[in-house]
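Please view the sequence and the model before reading on.

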Amino acid sequence: ANLMEEILSHGNMKRAYKQVKKNKGVAGIDGIPVEKFAEWYSKEGENLREELYTGKYQPAADKQVEIPKPNGGKRKLAYQLSKTE
């Protein structure tokens, strides 16, 4: 198996989810709360894994800003807005 198959294996995804839950992680840029991820993944997991494997997955960012790079130029930084912003 190649590295991407190992990363996207059900066992690895399950271990990663358990670690995030154990660390009291929060929703990522996709906005899915940790408490709802297992239910969402049971329905959408195969689709997510396929999009990740083929490089088609693009999480929707709510906001992008450009930040300066140390060597000049800029890079885009995307983040999800909180309800207070």
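Phe-37 and Trp-40 are three residues apart in helix H3 (residues 34-54), which means that about one helical turn separates them. Helices here are DSSP runs (H or I, at least four residues) numbered from the N terminus. The model is predicted, so that local features need pLDDT of at least 70 and side-chain atom pairs count only at pLDDT 80 or more, whereas totals for chains, interfaces and linings use all residues. Residues are numbered from 1 along each chain as its sequence is written, and side-chain values use heavy atoms, without hydrogens and water.

Rings of Phe, Tyr and Trp (its six-membered ring) pair if their centres lie within 6.5 Å, with planes under 30 degrees apart counted as stacked, over 60 as edge-to-face and the rest as tilted. The count by this rule is three aromatic pairs. Phe-37 and Trp-40 form a tilted one, with 5.8 Å centre to centre and 35° between the planes. Ring pairs join Tyr-17, Phe-37, Trp-40 and Tyr-41 into a cluster.

Relative accessible area (1.4 Å probe, protein chains only) is called buried under 20%, exposed over 50% and partly exposed in between.

| Residues | Class |
|---|---|
| Trp-40 | partly exposed, 28% relative accessibility |
| Val-34, Tyr-41, Gly-45, Leu-48, Arg-49 (H3) | buried |

Helix H2 (10-22) is included in what covers the buried residues of H3.

H3 bends by about 70° at Glu-44, the bend being the angle between axes fitted to the seven residues ending there and the seven starting there. Just after H3, Gly-55 has a positive phi of about 80°.

Note on methods: Helix = DSSP H or I, 4+ residues; strand = E, 2+ residues; numbered from the N terminus. Contact = heavy atoms within 4.5 Å.
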